[in-house]
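Student: I would like to learn how to read pockets, strands and cores from a model. Please start with pockets.

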Amino acid sequence: MINFKKTLLLVFSALILLGAVLTFKFMVRQAPTGIGQKAESVPEEFGSWPIFRGDRQLTGYAKAIPAKVEVSWRFRAKASVNGGPVAAEGKLFFGDSEGTLYCLDIYSGKPLWQKKISDGFSAPALLVDGICYIGSQSGIFYALSMADGKEIWQYKCPEQINGSANYFRQDGQLCIVFGCYDFQLRCLNGKDGKVLWSVKTGNYINGAPAIDGMNIIFGGCDGYIRYVDCLSGREMRKVKLKSYIPASPAVYDATTFAATYDNKVYALNKEGKTLWSFDSGNDSAPFLASPAVNSKFVVVGDRDGVVYILNRKDGKKLNEFQAGGDIAVGPVISDDMCIVAAKDGYLYFFDLDSAVEKWRHLIGTEITASILIIDKSIIIADNDGNITHLLQKSI
């Protein structure tokens with residue numbers, strides 16, 4: 001006969017053991033990230049923002065923007081940070097104005113490595129295939145290992161590089177595209193830095209090129225939007241706007257949106273035909289920053305701190321928001337919300353439909369670096385060299 005008490009004891013013991021195992025697994029899974037945690041253990045929710053404006057079309061779009069925030073950590077660079085941070089694999093990358101490139105743990109803000117390699121950076125980096133690509137004020141374009149900052153190759157341009165790079169692939173080959181102050185857009189082999197082709201323009205190229213499919217679209221200080229074939233480097237067409245284009249265009253649904261110095265925004269179709277244009281009417285407040293775009297809105301800020309909310313399809317002004325300082329960096333938008341940084345040192349968060357402010361957060365001094373958003377986090381740099389990580393509060 002089976003001993004009932006013995007059987008009950010064995011079952012009870014097994015349940016206790018099972019509970020202990022499940023508790024241990026839960027604790028490991030929920031444990032806070034330690035300083036220096038390896039990138040391999042990055043949770044999926046952190047995602048990535050590996051390029052200026054978040055994607056290769058440079059839309060400045062994020063799926064969600066935290067509704068309430070608190071400071072998670074801060075890091076002080078050795079000099080001002082004018083090019084916005086980018087992130088992938090749980091690591092944050094940015095350069096400062098004195099030529100140090102930093103790699104931080106995105107959870108704690110602890111430096112994983114930092115390296116003095118140039119006389120200054122104003123361009124954001126590009127992260128792809130484990131390599132950090134970044135151009136410098138001295139005109140050197142670097143390819144560095146994301147793991148340790150070791151140089152893989154460098155390419156020397158005759159003038160400074162202010163804008164981020166972008167990329168495409170051709171028959172499995174990674175191709176890196178960026179503009180320079182020598183009036184040229186270059187395409188380099190991502191593996192060895194050899195020039196594949198270049199396009200000559202008529203003036204400085206400040207912004208990053210957008211890539212949509214196998215088309216490269218970019219603007220410059222000669223006032224042209226150019227369309228270039230990725231594979232051949234052939235300039236397919238160029239469209240003359242009425243003033244120079246100081247920032248990067250954005251592309252959505254095969255439509256290019258560009259803001260110009262004479263306070264206008266243009267929407268161009270893939271053939272370069274103007275679909276609509278918007279004029280703010282404020283001649284003293286040029287557009288210096290890139291527009292943000294989603295399925296409904298085009299959003300752009302001017303030098304008087306006004307953020308214009310336009311209908312994407314016809315360019316009509318739907319609303320506007322007044323920030324407290326000049327806007328030198330493009331806003332980031334979700335489907336219905338916007339966050340914008342101003343030179344008064346504040347981040348402003350507001351509703352796109354009503355233009356009603358939801359919160360503002362003082363970061364520090366002037367902000368001229370682009371905003372990074374990864375799910376529940378906002379990361380921003382200011383001109384004092386502070387990198388601030390804001391995390392969504394529990395509501």
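Tutor: On a 1 Å grid over the protein atoms alone, a pocket is an open set of points with protein on both sides within 12 Å along at least five of seven lines, and lining residues have an atom within 4 Å of a point. Grid points are joined across faces, edges and corners, and a volume is the space filled by probe spheres set on the points. This is a predicted model, where local features need pLDDT of at least 70, side-chain atom pairs count only at pLDDT 80 or more, and totals for chains, interfaces and linings use all residues. Residues are numbered from 1 along each chain as its sequence is written, and side-chain values use heavy atoms, with hydrogens and water left out.

Student: What volume does the second largest pocket have?

Tutor: About 540 Å³. It is lined by 29 residues, and those closest to its centre are Asn162, Asn206, Pro246, Leu288 and Ala328. The lining comprises 12 nonpolar residues, 16 polar and one charged; here Ala, Val, Leu, Ile, Met, Phe, Trp, Tyr, Cys and Pro count as nonpolar, Asp, Glu, Lys and Arg as charged, and the others, Gly among them, as polar.

Student: In which order do the four strands of the open sheet run?

Tutor: Strands are DSSP runs (E, at least two residues), numbered from the N terminus, and two of them pair if DSSP finds at least two bridges between them. The order is E26-E27-E28-E29, with antiparallel pairing. Strand E26 (332–333) and strand E29 (357–362) are the edges, each pairing on one side only. E26 is joined to strand E27 (residues 337–341) by two bridges, and Val332 has Ile339 in E27 as its bridge partner.

Student: Which residues touch the most other members of the largest nonpolar core?

Tutor: In soluble globular proteins, nonpolar side chains tend to be buried together. A nonpolar core is a set of buried Ala, Val, Leu, Ile, Met, Phe, Trp, Tyr and Cys residues joined through side-chain atoms within 4.5 Å; buried means under 20% relative accessible area (1.4 Å probe, protein chains only). Among the 36 residues of the largest core, the answer is Ile339, Leu347 and Ile378. Strand E31 (377–381) is one of the elements that give two or more residues, and E31 supplies the largest share, four residues. A second, separate core has 17 residues, including Val128 and Leu188.

Student: Is Val300 buried or exposed?

Tutor: Val300 has a relative accessible area of 0%, so it is buried. Val300 lies in strand E23 (residues 297–301). Its contacts (heavy atoms within 4.5 Å) beyond four places in sequence include Ala259, Phe287 and Tyr308.

Key. On a 1 Å grid over the protein atoms alone, a cavity is a set of points where a 1.4 Å probe fits but cannot get out, and a pocket is an open set with protein on both sides within 12 Å along at least five of seven lines; lining residues have an atom within 4 Å of a point. Buried means under 20% relative accessible area, exposed over 50%, partly exposed in between (1.4 Å probe, protein chains only).
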